[in-house]
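Please look over the sequence and the model, then read the points below.

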Amino acid sequence: MSADNYDDGWQPVTRLGRMVQEGEIDSMEAALNSGLPLKEPEIVDQLLPGLDDEVLDINMVQRMTDSGRRVKFRCVVAVGNRDGFVGYAEGRDDQVGSAIQKAIGIAKLNMIRVPRGSGSWEDRSDRPHSLTRRTTGKAGSVEVELIPAPEGLGLAASDTVRAVLELAGIENAWTKSHGNTRTTVNLAKATFNALENASQSRQPRSRGVVEG
């Protein structure tokens, strides 16, 4: 399919965007492996059309300004193609709908590829449905551990963790969580960080990068 069929008049402003529009890069994996920064959500729209998104949390945030009390909405969103790619972000705006759209746009820029496998050496499935290794992620006081599981187990996870894993295309996994897991934003972010740690473990780490 040519870019003109679905770019909706998009005029890329980055090198990666131009390479995608011109067909030099034609897959999300190639875009992530290019080493070029992902700064335009349209790149993801073009390489991963039909992404699913899920609002994980909406919170009203109030703060005092010189002109009085100001109310904003913070939305936590995950996006994914349910086949190995997932993104996560928070967005804030005066209106709920605008906050959701902001978060979706940022989540696309945070897209990662999650390595998937059969989940167990005893599992004879050729279809990638679980994680390839045990991984952990932290956010605030929350720590989430994701453990590969054989086909048929399903997702032994809370609703928030399950939502992020499903968008990533993980169908079978054991999970453990510690800390204040009632805080949805930290639980979701810790889950995403665990998936990101799993994806980075396959590549040489950049010097000077400190994992958070």
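A residue is called buried at under 20% relative accessible area, exposed at over 50%, and partly exposed in between, with a 1.4 Å probe and protein chains only. By that definition, buried residues make up 43% of the 212 residues in the protein. This is a predicted model, in which local features need pLDDT of at least 70 and side-chain atom pairs count only at pLDDT 80 or more, while totals for chains, interfaces and linings use all residues. Residues are numbered from 1 along each chain as its sequence is written, and side-chain values use heavy atoms, leaving out hydrogens and water.

**Overall make-up**

- The protein has 6 helices and 10 strands, taken as DSSP runs (helices H or I, at least four residues; strands E, at least two) and numbered from the N terminus.
- Of the contacts (heavy atoms within 4.5 Å) with a separation of 6 or more, 57% are between residues 24 or more positions apart.
- The protein exposes about 11,700 Å², with carbon and sulfur atoms supplying 43% of that area; the areas come from the Shrake-Rupley method with a 1.4 Å probe.

**Nonpolar cores**

- A nonpolar core is a set of buried Ala, Val, Leu, Ile, Met, Phe, Trp, Tyr and Cys residues joined through side-chain atoms within 4.5 Å.
- The largest such core has 29 residues, and V86, V114, L146, I170 and L195 have the most contacts inside it.
- Two or more residues of this core come from each of β2 (68–80), β3 (85–93), β8 (142–148), α5 and α6 (184–200), with α6 giving the largest share, 7 residues.
- Beyond its neighbours within four places in sequence, V114 touches G84, V86, L131, A168, I170 and L195.
- Another core, of 24 residues, lies apart from the largest one and includes M19, V20, I43 and A103.

- Helix α5 (residues 159–168) is largely enclosed by the rest of the structure, because 7 of its 10 residues are buried.
- Those buried residues are T160, V161, A163, V164, L165, L167 and A168.
- Strand β10 (residues 173–178) pairs with β8 in the antiparallel sense over 6 bridges, pairing being counted when DSSP finds at least two bridges between two strands.
- The bridge partner of L146 in β10 is T175.
- Strand β9 (residues 155–156) pairs with β10 in the parallel sense over 2 bridges, and A156 stands opposite W174.
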